[in-house]
Amino acid sequence: MKIRVQNVSKNFGNFTALDNVSLEIPSGKLVALLGPSGSGKTTLLRIIAGLDAPDAGRIFYGDDDVTAQNARTRGIGFVFQHYALFGHMTVFENVAFGLRVRKEKKPQIAARVRELLSLVQLDGLENRLPTQLSGGQRQRVALARALAADPKFLMLDEPFGALDAKVRAELRRWIRELHDEIHLTSLFVTHDQEEAFEVADYVVVMSNGRVEQVGTPDEVFAAPANAFVTDFLGRVNVFRGQIQNQKLVLDGDLAFALDQSGPKIALAGELSENANGENAVREGAPVSAFIRPHEIEISRQKTANHLHEALVSRVNGSGSTTKVALVRQNASGENARGFQALEAEISHETARDLKLAAHERVWFSPNFVRVFAAPN
């Protein structure tokens, strides 16, 4: 069953948490609400679940308008960030709690709890108290409890936020595998881009109470809809500039041709179409340009493809790639004062071949530049 959010708004005093949000959650998919603190993602999740009421708009489960229904009658399984387990109850009793409230028979309760504990890989731990479990195990108990009553939908609010990095990575892989097994329409909130992209079928990027973009992880990463999404999704180098004489000119002297002779430059629609809808670059338009670190090439020599000079200020080979901080050079070979450092990211193999060290001169060029109209 799908979920449809129609023109939902929510205010807390003078603060607008949601601003006329419309959204569709496809049936059987795992969808991430992704955004920074204050973007409205948790408020939206709580309204969809019936834990909060909207000031305006409607919520539909399938074709049914459930806006006026409370959370208890909506058939939602909800998992909170901090587990919300009953500390005085065993694992078995925590999972069985909702079934007992519904006055299920004891044999059915026992069978269902055993089935769920096996599903979440906690066989043999049914007699332990929450304090005797790890954080990851407690979150699995919370998930089993949410699934106990066969909910129509599963909703998770920052489900990995209280866990350390290693456990968080393990648990999100496990949740992805679990979803592939049960295919329950699921919605989870996160501020972690890596988490959303690894786990979700679809990502909903939010900012300031609005939906900025919806798509698969690949779609959102490869073709961000606007400057906010581009900047939010991982590390980027951000530049200000304008379009002059069929060139993209950034920070005064960093220029790239808009034809096919330089890096691929993706212009947002408002920059590449005129009033008649024809393809025509807007001359003099102020822009913001975004270059991802892994889309920068570095060379020891100046070439036709590596025209821009810089000094290496730092090389960090820890992690899965080598990170290189560059200080740009002006036409006289001096440090370009006032310009931000440029971050590049290359493979360890490339770094070994280049043998980079601090204070050495290199040349660089981006492979891809994403350009949007500068904010007013």
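On a 1 Å grid over the protein atoms alone, a cavity is a set of points where a 1.4 Å probe fits but cannot get out, whereas a pocket is an open set with protein on both sides within 12 Å along at least five of seven lines; lining residues have an atom within 4 Å of a point. Points are joined across faces, edges and corners, and a volume is the space filled by probe spheres set on them. The model is predicted: local features need pLDDT of at least 70 and side-chain atom pairs count only at pLDDT 80 or more, while totals for chains, interfaces and linings use all residues. Residues are numbered from 1 along each chain as its sequence is written, and side-chain values use heavy atoms, with hydrogens and water left out.

**Cavity and pocket**

The whole structure holds 1 cavity of 30 Å³ or more. Its lining consists of Leu-30, Leu-143, Leu-154, Leu-156, Ile-175, Leu-178, His-179, Ile-182 and Ser-186. At least two lining residues come from each of β7 (153–157) and α5 (165–182); helices (H or I, at least four residues) and strands (E, at least two) are DSSP runs, numbered from the N terminus.

The largest pocket is lined by 27 residues, and Arg-72, Ile-76, Gly-77, Gly-98 and Ala-149 lie nearest its centre. Here β6 (76–79), α2 and α4 (135–147) each supply at least two residues.

| Space | Volume | Largest contributor to lining |
|---|---|---|
| Largest cavity | about 50 Å³ | α5, 4 residues |
| Largest pocket | about 900 Å³ | α2, 5 residues |

In the classification used, Ala, Val, Leu, Ile, Met, Phe, Trp, Tyr, Cys and Pro are nonpolar, Asp, Glu, Lys and Arg are charged, and the others, Gly among them, are polar.

**Packing of α2 and α3**

Helix α2 (residues 91–101) packs against helix α3 (residues 106–119) at about 125 degrees, with the axes 10 Å apart. Axes are lines fitted to C-alpha atoms over the stretch in contact, and angles run from 0 to 180 degrees between N-to-C directions. The contact (heavy atoms within 4.5 Å) involves Val-91, Phe-92, Val-95, Ala-96, Leu-99 and Arg-100 of α2, together with Ile-109, Ala-110, Arg-112, Val-113, Leu-116 and Leu-117 of α3. These contact residues divide into 10 nonpolar, no polar and 2 charged.
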